[in-house]
Amino acid sequence: SSKNHSIIDERYLDEHIDFAEFGPTETHELTKIQSITAHRLQESWTKIPHVTQFDNAEIAELEAFRQSLNSKAESGNTKVTLIAFLLKAVCNSLKAHTQFNRSLVERGKSFVQKHYFHIGIAVDTSRGLLVPVIKNVDSKGILELAYEAAQLARKARDGKLTPSEMQGGCFTISSLGVKGGAGFTPIINPPEVAILGVAKAKIQPHWDGDGFIPKLYLPLALSYDHRIINGADGGAFMGELVQILNDIRFLAL
C-alpha cells in the first residue's frame, strides 16, 4: 500500500526520538531562564502576526563621533557603544510614531497608549537571554545611557538583575554586536508590539553618481504586531530611525 511505501518513517514524526540510535548523545535540561524564554517566544510567534521590515543606516559619522567620545574619555570610564545611540534614536522614533508605544489589552479589543519610554536591551548570558529595561530613556543623554546599559548588561551576566529591572519595557533592541550575520528577524517581546534587530555593521559600496565609494552600513530589522501597526506605520518608523542614525544631529531636535 502507499502507507507501506511511504518514505517517511512515522517514528521520527514523534518528538520522543531515541537519538542514541544514531550515535553518542547527552541530555541536558534547559535552565529556568531558557525554558521561560522558549515558552514566551513560541507563544509570541504563534499568537502575534509578525511583519518584519528591513533597511540599512549609513553610520560613518555616528561611528566617528562615538570613537571620538571614547578617545577623550578618562581611563576607567564606561565606553560609549552603539547601543547608547540606538536607545536614543529609538526613543525619538517612538515619540514621533506613537503606535509603537502601545500594548494590546482585553484580548485585542483595546490598546494602552504609553507616555513613558522604557526600552529593553537583549543580553546573551550563560543562563539564557535576559532583557533588562532602561527606564525613561527620553530624559537621559548618550553618556548616561551608555553607562546604564553597561551596568545592566553586567548585572545580567552576573545573575544579579532584579525583577523590577526587567519590567515595564515599551520596546526592545536586540543587537548581534560584532558576532556577525547579515541580518535576522527578531521575535516580538510581548506585551510590547515591536522589536528592533541590529546586525553587524559592514563596509559596502555606494554609487554616488560617478562611481562606487565605501560606506559603513548598519543592517536593521524591525518586527511589529500587524494587528495594531500597518506597513505604512512600519515604513515611517524605520525611515525616522534611519534618518537619525544617518545624521545624529537630528537627536538635538
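Phe171, setting aside residues up to four places away in sequence, touches Val90, Leu94, Phe100, His118, Ile119, Gly120, Glu192, Ala194, Ile195, Leu196, Leu222 and Phe237, where contact means heavy atoms within 4.5 Å. The model is predicted, so that local features need pLDDT of at least 70 and side-chain atom pairs count only at pLDDT 80 or more, while totals for chains, interfaces and linings use all residues. Residues are numbered from 1 along each chain as its sequence is written, and side-chain values use heavy atoms, with hydrogens and water left out.

The largest nonpolar core has 49 residues, and those with the most contacts inside it are Leu87, Phe171, Leu220 and Leu245. Such a core is a set of buried Ala, Val, Leu, Ile, Met, Phe, Trp, Tyr and Cys residues joined through side-chain atoms within 4.5 Å; buried means under 20% relative accessible area, exposed over 50%, and partly exposed in between, with a 1.4 Å probe and protein chains only.

Arg102 lies in strand β2 (residues 102-105), strands being DSSP runs (E) of at least two residues, numbered from the N terminus. Arg102 is buried, with a relative accessible area of 16%, and, leaving aside neighbours within four places in sequence, is in contact with Phe111, Val112, Gln113, Lys114, Pro191, Val193 and Ile228. Two of its pairs are set out here; a polar contact is a pair of N or O atoms within 3.5 Å, one able to donate a hydrogen and the other to accept it within protein, and residues adjacent in sequence count only if both atoms are side-chain atoms.

| Pair | Distance |
|---|---|
| Arg102 and Val112 | 5.4 Å, C-alpha to C-alpha |
| Arg102 and Gln113 | 2.5 Å, side-chain polar contact |

Conventions
Helices (H or I, at least four residues) and strands (E, at least two) are DSSP runs, numbered from the N terminus.
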